[in-house]
Amino acid sequence: MNTWINTGNRHTELNELTLNAYVDGQLDPELERTVLSAMDQDPAIREQVCQLRRAKDWMRTGFADVQSEDRPLPAYRKHWSRLQTGIAASLMALAIGVGGGLLGYVCAEREAANHLAAYPGHEDPGKVLLHLSDAEPQHFQAVLDYAEHFLQENQGRNVQVEVIANAGGVNLMRAGVSPYEDRVRALSKKYSNLQFVACMNALRNLRREGIEPVLIDDVHSGTTAVDRVVKRLREGWTYRKVDNLSGDI
Amino acid sequence: MSILTRVCTTASIRKNIASSRSRLFRVALAWCGDQMVADDLVQETMALALQKSHQLREKERLNAWLYSILNNCWKQHLRRYRPHENLDEQQPGEEPGPDYRVGQMEVVTRVRTAVAGLPVEQRRVLALVDLEGFAYCEVASILEIPIGTVMSRLYRARKALIKLLDNQTGEMPGAAIPLQRVK
């Protein structure tokens, strides 16, 4: 049975679906007022609403005291495998980029895989390793913005940021070449917990090409990017590649 | 968002997942009517949620997201153990047995028995609306069905419940005409 309610300038048809939506608080204010008015005028509608509310109460009562068994949280596999794949891919590209040849590539890949497999999976959010492997100026800027933003946000806390660059990324750290030379110097001076590291292999490749790289003050070298990344991961640092920084800044 | 904020958010989501067990269990029990099955469904849901928590970008959607996972786990369970059941066409029991027995039981048992007698698809909607207070549009999203279907299933579920549980006849009259203005 559908009930027709005169609401002044029009007729509104109330049906069971409407009344269900009313008891569930799903009607817009105008239709809700119409139902309320209909309930005032028609005892049958009042009774229907009452029945529906009772059905709702039955459900709540029937399952009110349900208690689940206290079980430990299920074991789960963190999405580390995805990150691991990404890092391994970066390290592979890195190994190829330094010109170490197939042997170096295979060794680096194996080494990375071994180290990553041993990595416990705990990321310390306060220790961030930013990896830069190309010479795109906007990538330089993204890394510096990210580092500065992170250090500003966490001033006074025990945090550390390290920027590791290889391949074209070392240009960020070269005096007379980097478009952000002054900013790198300023950031190094301002934040003692920020460190820039240039990959030893990338610098050696430049020398092979007849270029003598001069690094900005306070930029460290003496290690390869592969070794550095693996070392930091084993120490629990959070690894970020430049191409996935933009969404987080 | 800083790394720190992001990691804190993930930790917060994990904590919320852990604290959702009882609510998930309540709905799972209403859906399947079996404590052990409900417990397994919830455990499976939580394992999947923890595993995929990094995919959840909007923390506000966590609750609905959890019930979507629960729904998928339940559907898989049904496919595995009751593959021939036609969920949509199943009708509440017309046999006098359960109908007669519910009158003899305590309210909680009566309600649970009556709910267990409803078609699976009606139980699904009823539990999400009445136990968890989800809006119709949220239920439609969780169960991946049109909002009109949510409303008609809810209407039929309550009508059947009233018929089973009310001392009076409780027959709810009225044809199902689509509602135009739902939030």
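This is a predicted model: local features need pLDDT of at least 70, side-chain atom pairs count only at pLDDT 80 or more; totals for chains, interfaces and linings use all residues.
Residues are numbered from 1 along each chain as its sequence is written, chains are lettered from A in the order in which they are written, and side-chain values use heavy atoms, with hydrogens and water left out.

**Cores.** I looked up the nonpolar cores, meaning sets of buried Ala, Val, Leu, Ile, Met, Phe, Trp, Tyr and Cys residues joined through side-chain atoms within 4.5 Å, where buried is under 20% relative accessible area with a 1.4 Å probe, protein chains only. The largest has 74 residues, and A:F63, B:I17 and B:L128 have the most contacts inside it. A second, separate core of 38 residues includes A:L129, A:L130, A:V197 and A:V219.

**A:F63.** Leaving aside neighbours within four places in sequence, I found A:F63 in contact (heavy atoms within 4.5 Å) with residues including B:L29, B:V111 and B:L131.

**A:A165.** I located A:A165 in strand β4 of chain A, residues 160-165 (a strand is a DSSP run of E, at least two residues, numbered from the N terminus). A:A165 counts as buried because its relative accessibility is 0%. Beyond neighbours within four places in sequence, A:A165 is in contact with A:L132, A:V170, A:M173, A:V197, A:A198 and A:C199. I also noted that the C-alpha atoms of A:A165 and A:F140, 25 residues apart along the chain, are separated by 10.0 Å.

Note on methods:
Buried means under 20% relative accessible area, exposed over 50%, partly exposed in between (1.4 Å probe, protein chains only). Helices (H or I, at least four residues) and strands (E, at least two) are DSSP runs, numbered from the N terminus.
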